[in-house]
Amino acid sequence: MKEQNLNIRYMVAQLSELSQQEQELVNRAKAATSNAYANYSHFYVGAALLLGDGRIVIGANQENAAFPSGLCAERSAIFGAQSNYPDQPILTLAIAARNGNGFLKSPISPCGACRQVILEMEDRYQRPVRILLYGENGIYCVDSSKDLLPFSFVDSNMKE
Ligand code: THU
């Protein structure tokens, strides 16, 4: 038996340390929290995607009295972008969340189902999706969903 290790790499940045384009993306994710329909959790999540053509598409969590029928902000944004602009790869995804006390000090990161959907986008367009997780105390930045989802499962795994 031998031990093997996986490393993930992430940077912690202040907003001013990001490019202008990424600052805008984070600000759009923060603003998108206002579009959340979070009547049950009162947890407001916003996502903003930068597409290959420079377009920004936003999403926000949408809840439902039948709880499993709701959808996270990330998948709302991704499925909306895919439905409207299917030829555009997703370059970057920014996520922000707030509760009754305002924006969270520490970032949240996407749930497992959203990570899998982001990974599918990387596989579909053969490009990594950079992910910016906003927290008031710092923004976590990873260069690919693979950093959030080690041992991931993609289409090619079924064809080996
Ligand atoms: N939520 C998101 O939209 N994105 C995440 O990354 C985590 C959770 C939503 C789902 C639900 O509407 C609420 O936050 C509480 O879980």
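In this predicted model, the side chains of arginine 130 and aspartate 143 meet in a salt bridge, with 3.0 Å from N to O. Arginine 130 belongs to strand 6, while aspartate 143 falls in the segment after strand 7, so the contact links distant parts of the chain, 13 residues apart. How accessible are the two partners? Arginine 130 has 22% relative accessibility and therefore counts as partly exposed. Aspartate 143 is also classed as partly exposed, because its value is 37%.

Stay with aspartate 143 for a moment, as arginine 9 forms a salt bridge with it too, the closest N and O atoms being 3.3 Å apart. Arginine 9 sits in the segment before strand 1 (11-13) and aspartate 143 in the segment after strand 7, so this pair ties together parts that are 134 residues apart in sequence.

Another one of them joins aspartate 155 to lysine 159, whose closest N and O atoms are 2.5 Å apart. Here aspartate 155 is partly exposed, because its relative accessibility is 32%, whereas lysine 159 reaches 60% and so counts as exposed.

Now let us turn to the rings. A pair of aromatic rings is described by the distance of the centres and the angle of the planes. The structure holds three aromatic pairs. One of them brings together tyrosine 40 and phenylalanine 67: the ring centres are 5.6 Å apart and the planes lie at 55°, so the pair is tilted. This pair links distant parts of the chain, with tyrosine 40 in the loop between helix 1 (20-32) and strand 2 (44-51), and phenylalanine 67 in the loop between strand 3 (56-60) and helix 2 (73-84), 27 residues apart. Tyrosine 40 counts as partly exposed because its relative accessibility is 38%, and phenylalanine 67, at 61%, counts as exposed.

What is the geometry of the pair made by phenylalanine 103 and tyrosine 134? Their ring centres are 6.0 Å apart and their planes stand at 90°, so the pair is edge-to-face. Phenylalanine 103 lies in strand 5 (residues 102-103) and tyrosine 134 in the loop between strand 6 (130-133) and strand 7 (139-142), so distant parts of the chain, 31 residues apart, are linked. Tyrosine 134 has 9% relative accessibility and therefore counts as buried.

Phenylalanine 103 has a further neighbour to look for. Lysine 30 lies over the face of that ring, at 4.9 Å from the ring centre.

Finally, look at the surface. Ile8, Tyr10, Val12 and Tyr140 form a nonpolar patch there, with about 370 Å² of accessible area together. Among its members, valine 12 lies in strand 1.

Methods: Residues numbered from 1 in each chain as written. Predicted model: local features only at pLDDT ≥ 70, side-chain atom pairs only at ≥ 80, totals over all residues. Heavy atoms only, no water. Phe/Tyr/Trp six-rings, centres within 6.5 Å; stacked < 30°, edge-to-face > 60°. Helix = DSSP H or I, 4+ residues; strand = E, 2+ residues; numbered from the N terminus. Buried < 20%, exposed > 50% of the residue type's maximum accessible area, 1.4 Å probe, protein only. Lys NZ or Arg CZ within 6 Å of the ring centre and 35° of its normal. Salt bridge = Lys/Arg side-chain N within 4 Å of Asp/Glu carboxyl O. Patch = residues over 30% accessible without salt bridge, like charges linked within 9 Å, V, L, I, M, F, W, Y side chains within 5 Å. Areas by Shrake-Rupley, 256 points an atom, 1.4 Å probe, with all protein chains shown as cover.
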